Amino acid sequence: MKIFNIFKKNKLLSISLGLLLLFSLFLYIKTIETYALIESLSIWVRNYFGSFYLYLGLGCVLLLLAIAISPWGTYKLGHANEKPAFKRLPWIAMLYSAGMGSGILLRAVQEPVFMQQNPPLSTGISSEVIALEFTFYQWGFTAWAFYAVFALAIGYAVFHKNKTVATSSTFSLLFQKEGNGFLTGIDILTILTTIFGLVAALGLGASQIKGGLDHLFKADFSYQLIIILVIAIGVLALLSALSGVEKGIKRISTMNIYITVALLLFVFLQSDMLLIIEQLATGIYRYIIDFIPMSLAIGKFDPGIEFLTDWTYYYWAFWLAWAPFTGMFIARISKGRTIRETIIAVLLIPSLGSFFWFTTFGQSAFDMISEWGSYSGEFDNVFTSIFVFFEAYPLTSIINSIVILLLVSFLVTSVDSAIYVLSMFTDKGSQNPNKKQRLLWGIILIIFSVGIVLLGHAKEDSNVLIAMQKLLIITSLPLSLLMVLMIGLWLRDLVNHKKE
């Protein structure tokens, strides 16, 4: 009865779950038709709004850089004498783990090699540098700019203007009356997009873990293993979320960073270190000087509509879809820090770390291919590429086991962050949501994730996880349009800051 009372008293929670249930039911009853609809809508969005995504991404980066060097950069997310909620290293570890996570393992080798074998640009430089430059572009400043804009706009509203923890708080200037339908709609959209993003990421991550186990044991485990992994990761994430940010999420995120750095050094120290450093410097230099034309896909920096559709538009839509939940979490852990420090930390530090990561793994893979004399698609499989890569190194079984452990850990930090943020949404914007809310969302995410995996194997020639990823492209469109309005309202608040 107490559970029913929670739904009865919480309109945001009940509507969100109702729509989620309705979508799940429709997806099951009309599976093929739903796939077709999602596919056609996602292509329509990318065809008509792809360029808008590019302009929005470039605009966010330039805006943040301008704010960072302006007097506005000295404003705090909180009161003037507010102290940072977390020390710098745990803070950076949490924002990186929540914002990127298992993706850097999924794409560490596969993406740079794909770009090298299929150069998206023809600018007169080597295919290796082009591969690294474009990988930097898709994992660098723009992705983190989307996160940072949401984090700063929400953080300013919550910690400086004492608004509730919700995406809609950034729009409250337009709608003073609480409970406004438009504001509720924004929060419902954010909740559903967060759930779809988490399910897609959890399914992809669990599939990579299965791929690693298949590779290690020379077997082909059934999809039931993915279900077991999803449940196990969900339970671990729930336990972490119940422990809170300080005890659970911070500790696991910090552990992730230590293991990631150790893995990075393991590869770096056994590779051509001088060449990696040289390629890193060259890649960053090219990325910076080519950033604006690459961001606008103009002239010789236009890789073509097919490539943009398959890669850049998809990435931008994915980052946008994750921006509200990730930005909310970053805002939560950034209380007490200045806007300038937050921009530098969110925009630069994770980007530079990712650049070093992709250069180390990418250049090492390039060297392997050069030694082989030919390439036969050894790194084409996104789920197994990194495990194939480590076959060339000592302690292969141990290292691959560590990679699987790190995959689990990164997924746990992404899911526990989402549980915490969803709980803040539906617990009236509380910065320390009730444990019942966290427990409820943890269970809901596990059940929905398992249901989607089961559904994905219920019918032949269907893949619900891919459909969920394409769905994010659709749901990111209204978020991106709202983002433009949110930026305008946030800038208005910054202009009026001294008048308060």
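Predicted model: local features only at pLDDT ≥ 70, side-chain atom pairs only at ≥ 80, totals over all residues.
Val415 sits in helix α17, where helices are DSSP runs of H or I with at least four residues, strands are runs of E with at least two, and both are numbered from the N terminus. Val415 is buried, with a relative accessible area of 4%. Here buried stands for under 20% relative accessible area, exposed for over 50%, and partly exposed for what lies in between, using a 1.4 Å probe and protein chains only. From Val415 to Val199 the C-alpha to C-alpha distance is 9.2 Å, although 216 residues separate the two in sequence.

Residues are numbered from 1 along each chain as its sequence is written, and side-chain values use heavy atoms, with hydrogens and water left out.

Let us turn to the helix packing. Two packed helices are described by the angle between their axes and the distance between the axes. The axes are lines fitted to C-alpha atoms, for helices over the stretch in contact, and the angles run from 0 to 180 degrees between N-to-C directions. Take helix α7 (residues 127–139) and α15: they pack at an angle of about 150°, and their axes are 10 Å apart. That angle makes α7 roughly antiparallel to α15; the cut-offs are under 35 degrees for roughly parallel, over 145 for roughly antiparallel, 65 to 115 for roughly perpendicular, and oblique for the rest. The crossing of α7 and α15 is right-handed. A crossing counts as left-handed if the near helix is turned anticlockwise from the far one by less than a right angle, and as right-handed if clockwise.

Helix α15 also packs with α3, at an angle of about 140° and with the axes 8 Å apart. These two helices are therefore oblique to each other, and α3 passes α15 in a left-handed crossing. What is the angle between α3 and helix α8 (residues 141–160)? It is about 65°, with the axes 9 Å apart, which makes α3 roughly perpendicular to α8. The crossing of α3 and α8 is left-handed.

Next come the charged side chains. How many salt bridges does a search of the whole structure find? There are 6, each being a side-chain nitrogen of Lys or Arg within 4 Å of a carboxyl oxygen of Asp or Glu. One of them joins Lys335 to Glu82, with the closest N and O atoms 4.0 Å apart. Lys335 lies in the loop between α14 (312–333) and α15 (339–372), and Glu82 in the loop between α3 (31–69) and α4 (88–99), so this pair ties together parts that are 253 residues apart in sequence. Lys335 is partly exposed at 26% relative accessibility, and Glu82 is buried at 19%.

Another salt bridge brings together Asp220 and Lys210, at 3.7 Å from N to O. Asp220 lies in the loop between α9 and α10 and Lys210 in helix α9, so the pair ties together parts that are 10 residues apart in sequence. Arg337 is buried, at 3% relative accessibility. Arg88, Arg337 and Glu341 are linked in a network of salt bridges.

Lys218, in the loop between α9 (181–217) and α10, has a positive phi of about 50° although it is not a glycine. Lys218 is exposed, with a relative accessible area of 66%. Leu395, in the loop between α16 (385–389) and α17 (396–426), is likewise not a glycine and has a positive phi near 55°. Leu395 counts as exposed at 52% relative accessibility.

Our last stop is on the surface. Ile231, Val235, Leu236 and Leu239 form a nonpolar patch there, with about 320 Å² of accessible area together. Patches are made of residues with over 30% relative accessible area and no salt bridge; like charges are joined within 9 Å, and nonpolar side chains (Val, Leu, Ile, Met, Phe, Trp, Tyr) within 5 Å. Accessible areas come from the Shrake-Rupley method with a 1.4 Å probe, and for residues only the protein chains shown count as cover. Leu236 belongs to helix α10 (residues 224–268) and is partly exposed, with a relative accessible area of 43%.
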